[in-house]
Amino acid sequence: MTPEENFMRKIEAGEKIEPKDWMPDDYRKNLIRQISQHGHSEIIGMQPEGNWITRAPSLRRKGILLSKVQDEGGHGLYLYSAVETLGISRNELIEALQTGTAKYASIFNYPAQTWGDMGAIGWLVDGAAIVNQVSLQRTSYGPYARAMIRICKEESFHQRQGYEIMVTLSRGSAAQKAMAQDSLNRFYWPALMMFGPHDSESAHSARSMKWKIKRETNDDLRQKFVDQTVKQIEVLGLEHPDKDLKWNEERGHYDFGEIDWDEFYNVINGNGHANRQRIEHHVRAHEEGEWVREAMHAYRDKKRSAKQQAA
Amino acid sequence: MATQELDLYEVFLRSRRGLDHKHVGSLHAEDHEQALEYARDVYTRRSEGVSIWVVRSSDICASQEDDSDSFFDPSDDKPYRHAMYYELPKAVDNM
């Protein structure tokens, strides 16, 4: 059996691929692209919510939001560690993010304008991410699958705290309810875009499915999210942003309106409200941390040379 | 005559592909290579594993049990990190 045949045998048998196993170059490249993009999304995703920590309406909400943003940082770390098992370094990853060769989820290029957005982001953006991540718990690359299992477990509170904000606002004053509706309207469609282009348009989908990097298609995952969200909007007593939404008895799913793909590609290609701001902020934070990294290296070197002298 | 003891190694076993390596015990060995072979002989006699890690015990840096109260207490007062902290309307509570 050639290494390639052995690899495909494992994939087809549903076995995981582990870091030291032989794998095709394109499998490795594909994983590096997807996992690093996923990790970058966690890291950049800290910005829109981090922006509201100091303005949270109560100490309770502040503690919750702070914990959520801490989680995103931790999840970025899990994913960077998983992708590093494929032979790429942290410095290369950060460089790719900052120069734009690596992408992150487009949703984070939308600004978080109101407190209602903290509700909508937790509920819809994390909700969509969870649908995707639950599916990825069965991805073929071992370290990625294990990171997903841990992340899903930790993230279960993210969506619930967002929805709780929405419940509070939608049961509040007319102005609060309007704020909830406005946040829903602005984040609903971008949340649907998070699943990526239609399967027929997706550049990486077919091969990722064959290699079981992805286990369900973009369109199937999106449908799941659309279906689960209908009841949630109804319970809030808000208006559904999709006027074409209709239950399809035959399919057993909701039919829904077409996504504005021009907007999707426009934001991916750098023209969203906050693309430049997000990367500039990342670069600035990274540069401002340089002295800390330098100090850590100096301390390590000092300890090493002390050890050598003692020996 | 007491023989000098060999270094202690901790043994971690992956029982099935895709799972984490789990700590199963320890053994004495001369070096990593020997520890791996001993671990195979001692811990996988019934095909319990598909992969073994061995780590010299002295290379493991562990938190102190005695300090665990103060070491872990930062998360004691953050119940909101758990999903069940949030009470949602019944109709959507399976979120």
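Reader: Which residue does Asp21(A) form a salt bridge with, and how far apart are the closest N and O atoms?

Author: Arg17(B), with the closest N and O atoms 2.3 Å apart. A salt bridge here is a side-chain nitrogen of Lys or Arg within 4 Å of a carboxyl oxygen of Asp or Glu. This is a predicted model: local features need pLDDT of at least 70, side-chain atom pairs count only at pLDDT 80 or more, and totals for chains, interfaces and linings use all residues. Residues are numbered from 1 along each chain as its sequence is written, chains are lettered from A and ligands numbered from 1 in the order written, and side-chain values use heavy atoms, without hydrogens and water.

Reader: What about Arg17(B) and Glu15(A)?

Author: Their side chains meet in a salt bridge, 3.3 Å from N to O. Arg17(B) sits in the loop between strand 1 (7-14) and strand 2 (22-29) of chain B, and Glu15(A) in the loop between helix 1 (3-12) and helix 2 of chain A, so the pair joins two chains. Helices (H or I, at least four residues) and strands (E, at least two) are DSSP runs, numbered from the N terminus.

Reader: How many salt bridges between chain A and chain B?

Author: Five. Over all chains, the structure holds 29.

Reader: And what area is buried between chain A and chain B?

Author: About 2,000 Å², with 58% from carbon and sulfur atoms. That is accessible area (1.4 Å probe) lost on putting the two parts together, summed over both. Arg146(A), Phe157(A) and Arg160(A) supply 35% of what chain A buries against chain B, more than any other three residues.

Reader: Switching to helices. At what angle do helix 2 and helix 4 of chain A pack?

Author: About 160 degrees, with axes 7 Å apart, for helix 2 (residues 25-44) and helix 4 (residues 59-84). Axes are lines fitted to C-alpha atoms, for helices over the stretch in contact, and angles run from 0 to 180 degrees between N-to-C directions. The two helices of chain A are therefore roughly antiparallel (an angle over 145 degrees).

Reader: Which residues make the contact?

Author: Among them are Ile32(A), Ile35(A) and Gly39(A) of helix 2, and Gly73(A), Gly76(A) and Leu79(A) of helix 4. Contact means heavy atoms within 4.5 Å.

Reader: How does helix 4 of chain A cross helix 5 of chain A?

Author: Their axes come within 10 Å and cross at roughly 115 degrees; helix 5 is residues 90-99. The contact includes Leu77(A) and Tyr80(A) of helix 4, and Leu93(A) and Leu97(A) of helix 5.

Methods. Angles under 35 degrees count as roughly parallel, over 145 as roughly antiparallel, 65 to 115 as roughly perpendicular and the rest as oblique.
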